[in-house]
Amino acid sequence: MPPSPPRVPASVFEGFFVRGLQAEGRLAQELEALGYDSRKPELDYPISLWQQAVALARRERYAELGDEDAYRQLGRQGIFGFAQTLVGRVAAVALPMIGPAQALERVPRYLAMMGRSDVDVSMSSEGERGRRLSLSDRYNRPELMAGCLEGMLELANARPRISVEERSSGGYRLFVRW
């Protein structure tokens with residue numbers, strides 16, 4: 001029997017949609033129609049609701065951008081919002097002190113904080129300021145994760161450049177430089 005799909009904690013929804021995107025008006029109403037009401041959050045939500053909510057936010061906030069840029073912007077805004085939540089502050093406060101290399105090493109721990117302990121992460125060093133990350137994430141677009149990692153590395157006082165090198169139905173590989 002395959003494992004049950006992951007669930008995404010309310011703190012991730014709060015970070016992305018309430019604090020990051022500051023969802024109000026139509027976006028907030030449409031999120032509520034999907035099943036996320038920021039005024040009455042549940043403990044966690046199905047990953048399928050997360051995917052629908054992210055796709056909705058992409059259409060509502062970044063309709064003028066192509067998918068790659070739109071999802072990257074969502075990831076960046078979302079991570080900055082998540083860093084303002086109680087759970088996110090725990091991780092974000094250490095980032096400037098540990099720097100980008102150690103922050104990337106902690107990606108599996110950060111993903112687990114965000115309800116994604118199902119994602120396997122492998123990393124290889126590409127010089128002092130480069131890493132290749134392979135993630136077995138079949139639920140998120142690689143550009144969303146690239147945007148999240150850009151935001152995380154900026155919080156670690158780095159100037160990241162992240163490219164999607166490979167994508168498949170089972171995950172993707174990112175090349176991270178700073």
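Q: Which residue in S6 does serine 134 stand opposite?
A: First, the ground rules: this is a predicted model, where local features need pLDDT of at least 70, side-chain atom pairs count only at pLDDT 80 or more, and totals for chains, interfaces and linings use all residues. Strands (E, at least two residues) and helices (H or I, at least four) are DSSP runs numbered from the N terminus. In S6, the residue opposite serine 134 is arginine 173.

Q: How many bridges join S4 to S6?
A: S4 covers residues 130–135 and S6 covers 171–177, and the two run antiparallel. Strands count as paired if DSSP finds at least two bridges between them. For S4 and S6 the count is 6.

Q: Which strands stand at the edges of the sheet?
A: The sheet is open, with 4 strands in the order S3-S4-S6-S5 and antiparallel pairing. Each edge strand has a single partner, so one of its sides lacks a neighbour in the sheet. Those edge strands are S3 (121–125) and S5 (161–168).

Q: What is the average twist from one strand to the next?
A: Angles run from 0 to 180 degrees between N-to-C directions, using lines fitted to C-alpha atoms (for helices, over the stretch in contact). On that basis the twist averages 15°.

Q: What angle does helix H6 make with S4?
A: H6 (residues 95–105) packs on the sheet and touches S3, S4 and S6, with contact meaning heavy atoms within 4.5 Å. The angle between its direction and that of S4 is about 20°.

Q: What angle does helix H8 make with S5?
A: H8 (residues 142–155) packs on the sheet too, touching S4, S5 and S6. Its direction and that of S5 make about 155°.

Q: Is aspartate 37 buried or exposed?
A: Aspartate 37 sits in the loop between helix H2 (25–34) and strand S2 (44–46). Buried means under 20% relative accessible area, exposed over 50%, and partly exposed in between (1.4 Å probe, protein chains only). At 11%, aspartate 37 is buried.

Methods:
Residues numbered from 1 in each chain as written. Heavy atoms only, no water.
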